[in-house]
Amino acid sequence: MMSEIRKADSFHFRVNPFEDDFTGRLSWSVLGKHVLACAENHAAARGFDRLTLNGRRFLWVLSRMAFEMQEWPHRGEEYVITTWVRSYYRYFTDRCFDICRSDGKLLGRVFTIWAMIDEESRKPQVLEGLFGHTFDPYIDAERPCISQPFSRIRMREEAAPCCRRTTYFSDIDENNHVNSIRYIEFLLDTFPKPLLESRDVSRLEIAYHSESYCGDCLSFYAQGDAGDGPVQMQVRKNAGADPAQGETVCHALISFAPPRQAEVLHPKE
């Protein structure tokens, strides 16, 4: 009798010193990198990781990502990320994640869409048959995930960006473009520290449109008030003085939870 195919994998982590942010909670940077690592490890265990065919190299790239967080683990606390593939279609796969405490309490969920691209042409590839075997046995469409993963983001033309920054070598990953999670850090850096001290990000959506590289100048545009509802954001590269110029790199939507009660931001170890 054949054993049942395991569709989801769980990975265990602890919030180590210097993996938290200034509030004492797990940082977005570390959480995002762990989410991406779990995706790659889950895919590799099933033979769907990076691929080389006839001298051509193919890479998974992130197309969209949505976080919904109810709570955050603090320094010293353990947490578990569970990931599985919800569905796949011609060019894309839908991958979900649960983030839980070690006792099983749900902290948040993540929904992502991925494409596999040709490293040289940067064009997405038809997934069916690319690996020589199908995704079908590993699909889990029944496990709960974010029900409405993405919103429609419509930005008005803004007269000027809220900030600009140049990308450097520390922003670049092994695929030679700015790492997907760095954009989340860039976007959150545009908000004032008192806001991030008093309110958690409850939902963050980001849609990637093009890549940026070392030395590009990124311009950040924001629309909305964090106190009244979601803030819509856009990132363009090398836009110059005219906001209509430059290529759109990504769109994002960031929602904040109500102000939290005062607490000790840096608990004793």
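The model is predicted. The points below concern strand β8 and its pairing, the residue Ile206, and two residues with a positive phi, Phe18 and Arg122.

**Strand β8 and its partners**
- Strand β8 covers residues 201-208, and seven of its eight residues are buried, so the strand is largely enclosed by the rest of the structure.
- Strand β3 (residues 56-69) runs antiparallel to β8, and five bridges join the two.
- Within this pairing, Ala66 has Glu205 of β8 as its bridge partner.
- Strand β11 (residues 247-256) also runs antiparallel to β8, to which it is joined by seven bridges.
- Here Leu204 has Ile254 of β11 as its bridge partner.

**Ile206**
- Ile206 belongs to strand β8.
- Ile206 has a relative accessible area of 1%; because this value is under 20%, the residue counts as buried.
- Leaving aside residues up to four places away in sequence, Ile206 touches Ser63, Arg64, Met65, Tyr183, Ile184, Leu187, Cys250, His251 and Ala252.
- Between Ile206 and Pro258 there are 21 Å in space, C-alpha to C-alpha, and the two are 52 residues apart in sequence.

**Residues with a positive phi**
- Most residues other than glycine have a negative phi.
- Phe18 has a positive phi, near 75°, and is located in the loop between β1 (9-14) and α1 (28-45).
- The relative accessibility of Phe18 is 81%, so Phe18 counts as exposed.
- Arg122 has a positive phi as well, near 65°, and lies in the loop between β6 (106-118) and β7 (163-166).
- The relative accessibility of Arg122 is 26%, so Arg122 counts as partly exposed.

Note on methods
Residues are numbered from 1 along each chain as its sequence is written. This is a predicted model: local features need pLDDT of at least 70, side-chain atom pairs count only at pLDDT 80 or more; totals for chains, interfaces and linings use all residues. Side-chain values use heavy atoms; hydrogens and water are left out. Buried means under 20% relative accessible area, exposed over 50%, partly exposed in between (1.4 Å probe, protein chains only). Helices (H or I, at least four residues) and strands (E, at least two) are DSSP runs, numbered from the N terminus. Two strands pair if DSSP finds at least two bridges between them. Contact means heavy atoms within 4.5 Å.
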